[in-house]
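Biologist: I am new to this structure, and I would like to know what stands behind each label. Could you take me through the terms one by one?

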Amino acid sequence: QVQLVESGGGLVQAGGSLRLSCAASGSIFSIGAMAWYRQAPGKERELVAGISSGGSTYYADSVKGRFTISRDNAKNTLYVQMNSLKPEDTAMYYCAARRGAIVTMRGYDYWGQGTQVTVSS
């Protein structure tokens, strides 16, 4: 089993930055691709950014050029640097991991509990 714990959320003004972290523990050898999802109130959970086991990245159009996903395999940690934040980025952000190597839109095996990001206008 794999445990994922997110941190780094908070309240920030529009235009500001935050860096989210996701620490993985347990059977980390089984982790392939990892991703950040978010869910705003009344909306479906959406894939924001993903990174394959080989380092290839995916970004939703809404965050391209503003968010950067990275992973430090030595520290078993996933990150997302979020710049130029907008009020519409307000959501609960979840870390996810899957056993497969490539980023997919769904089918993640492990999930964190989420960290709240609130962007004020």
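Modeller: Let's begin with the rings: those of Phe, Tyr and Trp (its six-membered ring) pair if their centres lie within 6.5 Å, and planes under 30 degrees apart count as stacked, over 60 as edge-to-face and the rest as tilted. Before we go on, this is a predicted model, in which local features need pLDDT of at least 70 and side-chain atom pairs count only at pLDDT 80 or more, while totals for chains, interfaces and linings use all residues. Residues are numbered from 1 along each chain as its sequence is written, and side-chain values use heavy atoms, with hydrogens and water left out.

Biologist: How many aromatic pairs does a search of the whole structure find?

Modeller: The search finds 3 aromatic pairs. One of them is formed by Tyr 37 and Tyr 108.

Biologist: What makes Tyr 37 and Tyr 108 a pair, and which kind is it?

Modeller: Their centres are 5.6 Å apart, with 80 degrees between the planes. The limits are 6.5 Å for pairing and over 60 degrees for edge-to-face, so this pair is edge-to-face. Tyr 37 is in strand E4 and Tyr 108 in the loop between E9 and strand E10 (110–111), 71 residues apart. Together with Trp 111, these two tyrosines form one aromatic cluster.

Biologist: What does "strand" stand for in those names?

Modeller: Strands (E, at least two residues) are DSSP runs, numbered from the N terminus, as are helices (H or I, at least four).

Biologist: Which strands pair with E4, and how do you know?

Modeller: Two strands pair if DSSP finds at least two bridges between them. E4 (residues 34–39) has 5 bridges to E5 (residues 46–51) and 6 bridges to E9 (residues 91–97), so both pass that test. The pairing with E5 is antiparallel, and that with E9 is antiparallel too. Met 34 stands opposite Ile 51 in E5, and Tyr 37 stands opposite Tyr 94 in E9. In the hairpin of E4 and E5, with 6 residues between the strands, Gly 42 takes a positive phi near 80 degrees.

Biologist: Is Arg 38 in that strand buried or exposed?

Modeller: Arg 38, found in strand E4, has a relative accessible area of 6%. Buried means under 20%, exposed over 50% and partly exposed in between (1.4 Å probe, protein chains only), so Arg 38 counts as buried. In E4, 5 of the 6 residues are buried.

Biologist: Which side chains make polar contacts with the side chain of Arg 38?

Modeller: Tyr 93 does, at 2.9 Å, and Ser 62 does, at 3.4 Å. A polar contact is a pair of N or O atoms within 3.5 Å; within protein, one must be able to donate a hydrogen and the other to accept it, and residues adjacent in sequence count only if both atoms are side-chain atoms. Both distances lie within 3.5 Å, so both qualify.

Biologist: Why is the link between Cys 22 and Cys 95 called a disulfide?

Modeller: Their sulfur atoms are 2.1 Å apart, and a disulfide is a pair of cysteine sulfur atoms within 2.5 Å. Cys 22 lies in strand E3 (residues 18–26) and Cys 95 in strand E9, so the pair ties together parts that are 73 residues apart in sequence.

Biologist: Is this disulfide left-handed or right-handed, and why?

Modeller: The torsion about the S-S bond is about -75 degrees, so the disulfide is left-handed. Cys 22 has a relative accessible area of 0%, and Cys 95 is also at 0%; under the 20% limit, both count as buried.

Biologist: Which strands form the open sheet, and which are at its edges?

Modeller: The order is E1-E3-E8-E7, with antiparallel pairing. E1 (2–7) and E7 (67–72) are the edge strands, since each pairs on one side only.
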